Each structure stands twice: as structure tokens, then as C-alpha cells.
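Please keep the model open while reading.

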Amino acid sequence: NKSTNIPSDVDVIFMGDGNTEARSGTYMGSIGRANSHLSKVLAGSKENFNSFFQKKHGGIYNGLALGIDGDTSPNLLWRIQNNEFAGLHPNVWWITIGSDDLFSTKCSEEVTVIGILRAIYELMSLQSGSMIVINSLLPTAVNRDLSLEGKGIINEYWYSIKTVNEQLQKFAVRHEGVYFFGATEFLTTRHKNGNLYMKKELFMDKFHLSAEGQGVLSEAQARMLTNILA
């Protein structure tokens, strides 16, 4: 049980996959010593996250990042059902899951949404009084130019991501105490020709956030947290 040695005054717990795990400074449970570039990104990711979600480092809130690289929504459901988060009572559960459902296990958009919502319903059944924020699936590229949509651009991943995000947003609107956070506007840029791209400085590859990307996302998430906790 990972909840041991965790402070009781946690405002928000981030649950998810690799981009969430990176906020704790690890990748697949390791700090990346074998890869100096990765190690530097992980250290920077943790530092930038802590600057918003560790009060002792100047953050407004105390947050925990409990992600596991490669996790799908069924993996997250298993963690919830097997009491991995037992004893934790944050004001907000923040869920970022589903990308690996689409791209690693090749689930359809419909099955991906069902899996994410199943994990959310499990959290709701705990009746802890905590609010739930569903983070949009992050942009994912198929080409090195990190293009998403526009004239001459083919990115089947982006279509799937948008489809899933639309359904998650509709779910949040219909359920009290559940919120949707759209990350796309903070992580993308639209060129003069109308084409949409991921911001290169915010990603270390076609999916994983850079340390700067973690900082940008953390700042936007902290602003939303302020709004819903007000």
C-alpha cells in the first residue's frame, strides 16, 4: 500500500500514466540514471510540479503524483479496487488516463471511454466527498513535426483523442462534483495557415511532456484547482 508515509493534508492526488509518474521524478519506477537526458527531464518535471503542488517548495497546494507509466484504465481500476489509495482523503482526485488504452492496447474510442468512466465510477462509489477532475487525454503525434490537424496533415491519433475527450467532457457536465480539464489549449499552437501543432518545447517526444511542459500543465491545473475549491 503506497499510502504509508503520505501526509494527511493532501489537497489533490493525480492518478494516471507515464506523464503523471514523471511528476514524481521517475519513469517506470526508475529515476533514469542510465540516460542522462531522461534523468534531467525527470528531475526538472518533479521540480516544476513541486513548485505548484508542494507547499514547502512554494506551491499553493499539496499534491501527490501517483502515476505508473504504461497504465491503462483497467490498471487504474485495479489499483482503486485493491485499496492502493486506501486512507487517502484528498479534496480532489485528478485522473489522467486513457492514452495507453488507445495506443498501446489498441482499444476503440468507445471502449476507452467505458474504461475511463468505470474507474471514475469506482472512485465515486467510495463516497469520500472528494471532487473528481477528469483530465483530457493529452495531444499525441504520429509525425516528428508534432502536427495534429489541418491541411495535408493525417493524424489518426488526434481524431481518437478528440472523440474521447468530447465524451469525457459531456460526462463531467452531467455529474455533480465531477469536472473536466481541457489541456489542449495550453500544449498546442495554431499556425497562421490554421494547422494545429503540439508545442515542441513542451514535449520530449511525440507523447511525453518535457520538464517545461510539466510546468505549463501544472500551472494551468493549479489555476483550475483554485476555481473549484473556492
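Which backbone nitrogen lies 3.0 Å from a polar atom of the side chain of N155? The backbone nitrogen of W158 does. This is a predicted model, where local features need pLDDT of at least 70, side-chain atom pairs count only at pLDDT 80 or more, and totals for chains, interfaces and linings use all residues. Residues are numbered from 1 along each chain as its sequence is written, and side-chain values use heavy atoms, with hydrogens and water left out.

**N155**
- N155 sits in the loop between β5 (147-149) and α6 (156-174). Helices (H or I, at least four residues) and strands (E, at least two) are DSSP runs, numbered from the N terminus.
- The relative accessible area of N155 is 7%, so N155 is buried. Buried means under 20% relative accessible area (1.4 Å probe, protein chains only).
- The N155 side chain also reaches the backbone nitrogen of Y157, at 3.0 Å.
- Beyond its neighbours within four places in sequence, N155 is in contact with T140, A141, V142, S147 and L148. Contact means heavy atoms within 4.5 Å.

**Strand β4**
- Five of the five residues of β4 (residues 131-135) are buried, so the strand is largely enclosed by the rest of the structure.
- M131, V133 and N135 cover one side, and I132 and I134 the other; all are buried.

**Pairing of β4**
- Strand β3 (residues 92-96) runs parallel to β4, joined by four bridges. Strands pair if DSSP finds at least two bridges between them.
- I95 has I134 as its bridge partner in β4.
- Strand β6 (residues 178-181) pairs with β4 in the parallel sense over four bridges.
- I134 has F180 as its bridge partner in β6.

Methods: Buried < 20%, exposed > 50% of the residue type's maximum accessible area, 1.4 Å probe, protein only. Polar contact = N/O pair within 3.5 Å; in protein donor to acceptor, adjacent residues only side chain to side chain.
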